[in-house]
Amino acid sequence: MSTFLIRILLPLLVIAMTFPQRSVAESEQWCVADEQTPDDELQAALEWACGSGGADCSKMQQENQPCFLPNTIRDHASFAFNSYYQSYKHKGGSCYFKGAAMITELDPSHGSCHYEYNP
């Protein structure tokens with residue numbers, strides 16, 4: 001192999017090894033409320049997530065908090081579902097909530113409301 005090729009390939013190899021590639025299974029994922037779920041089912045799942053589920057719902061429970069608006073059951077449920085999912089996904093927790101939630105690879109954060117992501 002010529003010296004020229006070695007001079008080009010060696011730095012490319014170092015760069016490729018420096019930046020690990022993510023597999024499809026390792027892509028960023030958030031848990032949000034399914035748009036097709038009725039509000040009463042979302043409300044029940046939201047109450048569980050913020051109660052015995054252990055989600056951190058403090059950022060959406062009061063008007064002065066960053067995720068209070070929009071003040072809808074669907075938006076609050078999405079925040080709570082994601083909080084639960086990110087906290088417990090490595091301990092067996094899922095994004096199911098009796099069919100009220102779904103996984104998305106699009107960051108649902110908006111304005112000052114930041115949805116947590118834990119790799």
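Let's start with Arg74, which forms a salt bridge with Glu35, their closest N and O atoms being 3.9 Å apart. A salt bridge here is a side-chain nitrogen of Lys or Arg within 4 Å of a carboxyl oxygen of Asp or Glu. The pair links distant parts of the chain: Arg74 sits in helix 3, while Glu35 is in the loop between strand 1 and helix 2, 39 residues apart. Helices (H or I, at least four residues) and strands (E, at least two) are DSSP runs, numbered from the N terminus.

Before going on, keep in mind that this is a predicted model, where local features need pLDDT of at least 70, side-chain atom pairs count only at pLDDT 80 or more, and totals for chains, interfaces and linings use all residues. Residues are numbered from 1 along each chain as its sequence is written, and side-chain values use heavy atoms, with hydrogens and water left out.

Back to Arg74, which forms a salt bridge with Asp39 as well, with the closest N and O atoms 3.4 Å apart. This pair also links distant parts of the chain, with Arg74 in helix 3 and Asp39 in helix 2, 35 residues apart. The count of salt bridges comes to two, and Glu35, Asp39 and Arg74 are linked in a network. Side chains of opposite charge can pair when their charged atoms come close.

How covered are these three? Buried means under 20% relative accessible area, exposed over 50%, and partly exposed in between (1.4 Å probe, protein chains only). Arg74 counts as buried because its relative accessibility is 19%. Asp39 is partly exposed because its value is 40%, and Glu35 is exposed because its value is 60%.

Now follow helix 3 itself, residues 73-88. Its 16 residues reach 22 Å from the first C-alpha to the last, close to the 22 Å expected at 1.5 Å a residue; the expected span is 1.5 Å times one less than the number of residues. Helix 3 is mostly covered, with twelve of its 16 residues buried, including Arg74, His76, Phe79 and Tyr85. What do the buried residues of helix 3 pack against? They pack against strand 1 (30-33), helix 2 (39-50) and strand 2 (101-104).

Ser78 counts as buried because its relative accessibility is 8%. Leaving out residues up to four places away in sequence, Ser78 touches Cys31, Val32, Ala33 and Tyr115, where contact means heavy atoms within 4.5 Å.

On a 1 Å grid over the protein atoms alone, a cavity is a set of points where a 1.4 Å probe fits but cannot get out, and a pocket is an open set with protein on both sides within 12 Å along at least five of seven lines; lining residues have an atom within 4 Å of a point. Grid points are joined across faces, edges and corners, and a volume is the space filled by probe spheres set on the points. The largest pocket holds about 170 Å³ of space, and its lining includes Glu41, Trp48 and Phe97. There is one cavity of 30 Å³ or more. The largest cavity has a volume of about 30 Å³, and among the residues lining it are Phe79, His110 and Tyr115.
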